[in-house]
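Dear colleague,

Please find below the structure that I am passing on to you. I would be grateful if you would read the notes after it with the coordinates open.

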Amino acid sequence: MCCLFVLAARTSTKSLVVLALFLGQPNHGGQFCSEERSFGVAVVLLFFLIIHSKTSSPPESEEATGTEQQVQQKHPIPPKKKVPDLIVSTPATTPATTTPSPPARDEFLGPPECVKKKLIRASCGLVFCPPWERCIEGQCSCKPPYMCPTENVNSVCGQDHKKYRSFCQVMALSCRTKKPLMSHFGSNCDASYSKFSSLINGDTGVVKVFIPNKEQPENNEELLVCSEQWEMTAANVVCREHGKSLGAATIGVHEEPSQQKCVSFRCQGYETSLAECVISNKTMREKVATVTCYDASQAKNDEQCGFLCANTKCVSLNQTCDGVDDCGDRSDEMCCKQCRNNGFLCKTGVCLHKDSLRDEQIDCLDGEDESEKHPTLDIRARSAAHQPPTKAVSEYISPKEEMRASRQHLEGQLHCGVPNMTTVDNMNEQERSSHRVKRVVGGVPANPTQIQWQIALEEHKKIDCGGAYIGGCWVITAAHCVRPSPRAFKVKFSLWKKSRAQDTTDIVPVEEIRIHPKYNPSSYENDIALVKLEKLPFKDKCLEDNPAVSAVCVPWTTHLFKPNYTCSISGWGRTADGRASQVLLWANVSLIDNCERFYGDRFKPGMMCAGDLQGSVDSCQGDSGGPLVCKDELGVSYLWGIVSWGERCGQPGFPGVYTQVAHYFEWIRIHTGWSTVTRFNA
C-alpha cells in the first residue's frame with residue numbers, strides 16, 4: 001500500500017519541484033514506495049523542510065523581476081508577514097509593466113473601468129468638439145476649411161505667408177496636417193513680414209516668444225513669458241511646438257536680475273503653438289516661466305508614475321482631475337468623481353478649469369458651467385487669478401473669442417428644444433396637483449399648446465401613436481407604429497383634444513417612412529422610425545410657420561443625462577382604468593438604470609427605462625412613439641426616448657421601456673443631415 005504525504009510549507013518553486021520528484025520515484029517493480037520506505041523518506045524530507053524554512057535565499061530575492069521590485073518599492077510590507085517569499089515565486093516570464101494602475105482609493109479619480117477606456121479631448125461623447133471639427137461616431141474629426149463660419153471673424157496670417165479668412169479656417173488646416181500653421185491675427189502676411197516663433201533656453205528652460213510688432217510688422221517683439229498664469233497646459237503646447245509630442249515634464253519659475261517685459265498665455269490644450277493661445281497684455285516682471293520638455297523614454301521607464309495618460313505620458317496622481325490638461329490629451333481630466341484645486345465637475349465626470357465657469361462658452365454637455373445657479377468669480381477671486389473684474393482692452397486678438405463667435409454662429413443655425421413661450425400658458429405646481437388624473441399613468445392634462453414638439457400619427461383616420469417633431473420635414477416615432485405605406489398616414493401638429501382640431505392644428509401628409517433596417521418586431525429591438533413629411537406646393541418647407549409648433553433637439557451622446565434624472569412623457573394613451581385619454585397628458589418620470597434586472601435578456605442595446613418603481617407614473621397603450629423629453633441646465637429640451645414597450649402598465653417593478661434616441665444618432669444624421677439634428681459638434 002502506498003502512502004501519500006501532503007506537506008505544507010512556505011518554500012521556493014525550485015524546492016517544490018525537488019520534493020515532487022523525490023516523492024514520485026517508483027520502485028523497481030513499477031510500484032510506488034512501500035510504507036517503510038515512505039516513512040523514512042518523509043522523515044528526511046521533513047528535516048529538510050524545517051532547515052529550509054529557517055534560512056533565507058538572498059540570491060533568489062535578488063533575481064526578482066522588475067515588476068516584483070516595483071511592487072516591493074511601492075508597497076513595503078512588514079517582515080513578519082514574509083510576503084516577499086510569495087512574490088519570489090512569481091514566474092519569471094511575467095512581463096514588466098510600465099506603471100501601476102491608479103489607486104482605487106483616490107477620492108478624485110473616477111473608476112478604473114472609465115480610465116481604461118482611454119478617453120481624451122477628441123472623445124465627443126463627453127466633451128464638445130472645437131468649431132473646426134465635428135463629432136462622428138464618438139470622435140472629433142477634422143472639417144474641411146470651407147465649412148468654417150465667415151461672419152464676425154478676423155483674418156489670420158500663416159507661417160506659410162498666406163492669409164486665411166479666420167482662426168477656424170487655419171485651425172482646420174492644422175487639424176489635418178498636425179502641424180502649427182498660425183502665426184498671428186492680421187492681414188500683412190507675405191514673406192517680408194515677421195512671423196510668430198518661440199524659443200526654449202537649453203540651460204535655464206526660460207521660454208521666450210517673438211511676436212510680430214503692430215507698429216512695425218516687419219519686426220518681431222522679443223518677450224518672455226510671465227510666471228503668474230503659467231500652467232502645464234501651455235507648457236505642453238510650447239514643447240509640442242518644438243517637436244516633443246508628449247509635451248512638458250515640469251514647469252517652473254526663473255527670477256531675472258531685473259524686471260523684464262513679458263506676456264502670459266492661456267491655452268485650452270488643443271493648440272499646436274503658443275500663437276494659438278490667448279495672449280495677455282505686456283507687463284513687467286522679474287519672475288518668468290520655465291519648462292522642461294518630456295522625454296518620450298520616460299513613458300516606459302518612469303516607475304514613479306501615478307497616472308498613465310492615454311498618450312503614454314506619466315503624470316503624478318495629484319495632477320489628475322484639477323481642470324488642467326497635464327497629459328496633453330486631456331485624459332487626466334476625463335474620468336473624475338470630484339475636482340481638485342477648485343476645478344468644476346461636469347455630470348459626465350469631466351473636470352473643467354476653474355476659469356471655464358460662466359465664461360460665455362458651454363463646456364459641460366448639459367450647459368451646467370454656464371447656468372445662472374453658479375455665480376461668476378468675485379473680484380477677490382479674479383484678482384488672485386490676475387484677471388480684472390471687467391474685460392480690459394487687449395493688445396492681442398483672442399483666439400478664444402474667435403472660437404466663441406464661431407460656435408455661436410454654428411449653434412445658432414438650428415433652433416430646437418425651446419418652445420415659443422408666447423403660446424405657452426404655463427400652469428403652476430398647485431394647479432397641476434389639483435387637476436391630477438389617472439394617466440400617462442399619473443399624468444395631468446397639458447395646456448393646448450404646451451408640448452410643441454408632440455405630434456399625433458393618424459393612420460386611416462385613427463390615432464394610436466404619437467411622435468416628436470425634430471425640425472425641417474422630419475418626425476421620429478416608434479417603428480412598431482408605422483409600415484412602409486406613407487399614404488396611409490398623416491401627421492397632426494399642435495393637437496390637444498384627440499378627436500378635434502384646434503385653431504393651431506396643422507395636418508401634413510407623409511412622403512416617406514424610413515424604418516430602422518434592424519428593427520425586430522418580435523423583440524422591439526431598434527424600435528425607431530423616421531417619418532418624412534411632404535413639402536408644401538412650390539415651397540421648400542413642409543408646414544407653414546406656426547407659433548405653436550417647435551422642434552425638440554436630438555441628443556448626439558448617451559452621456560447627456562444620467563440615471564435618476566427627471567424627464568417628462570406625453571401622449572393620449574390609455575389611463576389606468578383602461579380608457580383612452582381624450583386630451584394630451586404629460587407626467588414627470590425618472591431615468592432608471594440596470595433595466596436588465598426587470599426584463600432580463602429581453603432588454604437589448606438601444607433600450608432604456610423610465611418611470612418609477614412604484615408604478616405610479618408610466619406610459620401605456622396609445623402612447624407608443626411618443627416623446628420622453630429631458631431638459632438640460634440651460635432649459636434646452638432633448639428627445640431622450642421614444643415610448644416603445646413594457647409590461648403591466650403602471651404596475652410596481654415594471655418600468656416603461658423606451659428606445660434611446662442618442663444610441664441612433666448616426667443613423668438619424670445620415671438620413672436627415674447635420675443641420676436638422678444637432679446644434680453642437682456639427
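The notes that follow take up a sheet, a helix, a loop residue and a cavity in turn. Please bear in mind that this is a predicted model.

The sheet

Five strands form an open sheet in the order β6-β7-β8-β9-β12, and their pairing is mixed. The edge positions are held by β6 (197-200) and β12 (283-293); each has a single partner strand, so one side of each is left without a neighbour in the sheet. From one strand to the next, the twist averages 35 degrees. Within this sheet, β7 (residues 207-212) and β8 (residues 220-225) run antiparallel and are joined by five bridges. You can find your bearings there at Phe-210, which stands opposite Glu-222 in β8. Helix α8 (residues 232-241) packs on the sheet and touches β6, β7, β9 (248-263) and β12. The direction of α8 makes about 95 degrees with that of β9.

Helix α14

Is helix α14 (residues 665-672) largely enclosed or largely open? Six of its eight residues are buried, so α14 is largely enclosed by the rest of the structure. Just after α14, Gly-673 adopts a positive phi of about 95 degrees.

Lys-354

Lys-354 lies in the loop between β16 (351-352) and α10 (379-384). Its relative accessibility is 38%, and it therefore counts as partly exposed, the range for that class lying between 20% and 50%. Apart from neighbours within four places in sequence, Lys-354 is in contact with Asn-341, Asn-342 and Gly-343. Lys-354 and Cys-339 are 15 residues apart along the chain, and their C-alpha atoms are separated by 9.8 Å.

Cavities

A search of the whole structure finds four cavities of 30 Å³ or more.

With kind regards

How values were computed:
Residues are numbered from 1 along each chain as its sequence is written. This is a predicted model: local features need pLDDT of at least 70, side-chain atom pairs count only at pLDDT 80 or more; totals for chains, interfaces and linings use all residues. Side-chain values use heavy atoms; hydrogens and water are left out. Two strands pair if DSSP finds at least two bridges between them. Helices (H or I, at least four residues) and strands (E, at least two) are DSSP runs, numbered from the N terminus. Axes are lines fitted to C-alpha atoms, for helices over the stretch in contact, and angles run from 0 to 180 degrees between N-to-C directions. Contact means heavy atoms within 4.5 Å. Buried means under 20% relative accessible area, exposed over 50%, partly exposed in between (1.4 Å probe, protein chains only). On a 1 Å grid over the protein atoms alone, a cavity is a set of points where a 1.4 Å probe fits but cannot get out, and a pocket is an open set with protein on both sides within 12 Å along at least five of seven lines; lining residues have an atom within 4 Å of a point. Grid points are joined across faces, edges and corners, and a volume is the space filled by probe spheres set on the points.
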